[in-house]
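Colleague: I have not looked at this one before. Can you walk me through it?

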Amino acid sequence: MDLENLKKIAKDFVDQRDWRKFQTTKELAANTSVEANELLELFMWRDGKEIDSKLLTGGDSELLRKVKNETADVFFSCLAIADQVGFDLGEAFLDKMGELEKRYDKEKVKGKVVKIHAKD
Ligand SMILES: [Mg+2]
């Protein structure tokens, strides 16, 4: 399913409940942060490599269900922002990936942990 169809599903969900009147871009951005932190909370105080091992081998199906659920919450919120502001999330993603390709030259950063800040 393409992003426009997913954005319409998110838009319809909001409109059918008459929730748009409560939505501002600021509230949606805050919601995105809250949902991202709900995802992060699933891993808090746990060993990252151990968790990955369980997730990748199917050793913790309940955690995998929760990770999917919280990731979908973040995605829903991103779709809602794109709908609210009226931009193409797929195009924004591709623009961002182009920016990251330039900032993180694959020959220079390959195999290294680096943080290069944007110049804007
Ligand atoms: Mg959530």
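Colleague: Which element of the chain has the lowest mean pLDDT, and which the highest?

Modeller: This is a predicted model. Among the elements, helix α6 (residues 106-109) has the lowest mean pLDDT, 92. Helix α2 (residues 25-41) has the highest, 98.

Colleague: And what is the mean pLDDT of the chain?

Modeller: The mean is 94, and 99% of the residues reach 70 or more.

Colleague: On to packing. At what angle do α1 and α4 pack?

Modeller: Helix α1 (residues 3-16) packs against helix α4 (residues 61-85) at about 85 degrees, and their axes are 9 Å apart. An angle of 65 to 115 degrees counts as roughly perpendicular, so α1 is roughly perpendicular to α4.

Colleague: Which residues meet there?

Modeller: From α1, the residues are L6, K7, A10, K11 and V14. They meet F76, L79, A80, A82 and D83 in α4. Sorted by class, that contact has seven nonpolar and three charged residues, and no polar ones.

Colleague: Take L6 from that list. What does L6 touch, leaving out residues up to four places away in sequence?

Modeller: With those left out, L6 touches M1 and L79. L6 and L79 are 73 residues apart in sequence, while their C-alpha atoms are 7.6 Å apart in space.

Colleague: Now α2 and α4. Are they roughly parallel or antiparallel?

Modeller: The two helices pack at an angle of about 165 degrees, with axes 9 Å apart. Angles over 145 count as roughly antiparallel, and α2 and α4 are therefore roughly antiparallel to each other. The crossing of α2 past α4 is left-handed.

Colleague: Which residues of α2 are involved, and what do they meet?

Modeller: On the α2 side they are T25, L28, A29, N31, T32, E35, A36, E38 and L39. Their partners in α4 include V67, E70, S77, C78 and I81. By class, the contact of α2 with α4 has 10 nonpolar, six polar and four charged residues.

Colleague: S77 is in that set. Is S77 buried or exposed?

Modeller: S77 counts as buried because it has 21 C-beta neighbours inside 10 Å. Not counting residues up to four places away in sequence, S77 touches L28, N31, T32 and E35.

Colleague: How far is S77 from L55?

Modeller: The two are 22 residues apart in sequence and 24 Å apart in space, C-alpha to C-alpha.

Colleague: What about phi of W45?

Modeller: Phi of W45 is positive too, near 65 degrees. W45 is in the loop between α2 and α3 (48-57). With 5 other C-beta atoms within 10 Å, W45 is exposed.

Colleague: Last one. How many residues of α3 are buried, and what follows α3?

Modeller: The count of buried residues among the 10 in α3 is zero, and the helix is hardly covered. G58 follows α3, with a positive phi near 75 degrees.

How values were computed
Residues are numbered from 1 along each chain as its sequence is written. This is a predicted model: local features need pLDDT of at least 70, side-chain atom pairs count only at pLDDT 80 or more; totals for chains, interfaces and linings use all residues. pLDDT is the predictor's confidence in each residue, from 0 to 100. Helices (H or I, at least four residues) and strands (E, at least two) are DSSP runs, numbered from the N terminus. Axes are lines fitted to C-alpha atoms, for helices over the stretch in contact, and angles run from 0 to 180 degrees between N-to-C directions. Angles under 35 degrees count as roughly parallel, over 145 as roughly antiparallel, 65 to 115 as roughly perpendicular and the rest as oblique. Two residues are in contact if their C-beta atoms, placed from the backbone, lie within 7 Å. Ala, Val, Leu, Ile, Met, Phe, Trp, Tyr, Cys and Pro count as nonpolar, Asp, Glu, Lys and Arg as charged, and the others, Gly among them, as polar. A crossing is left-handed if the near helix is turned anticlockwise from the far one by less than a right angle, and right-handed if clockwise. A residue is buried if 20 or more other C-beta atoms lie within 10 Å of its own, exposed if 12 or fewer, and partly exposed in between; C-beta atoms are placed from the backbone.
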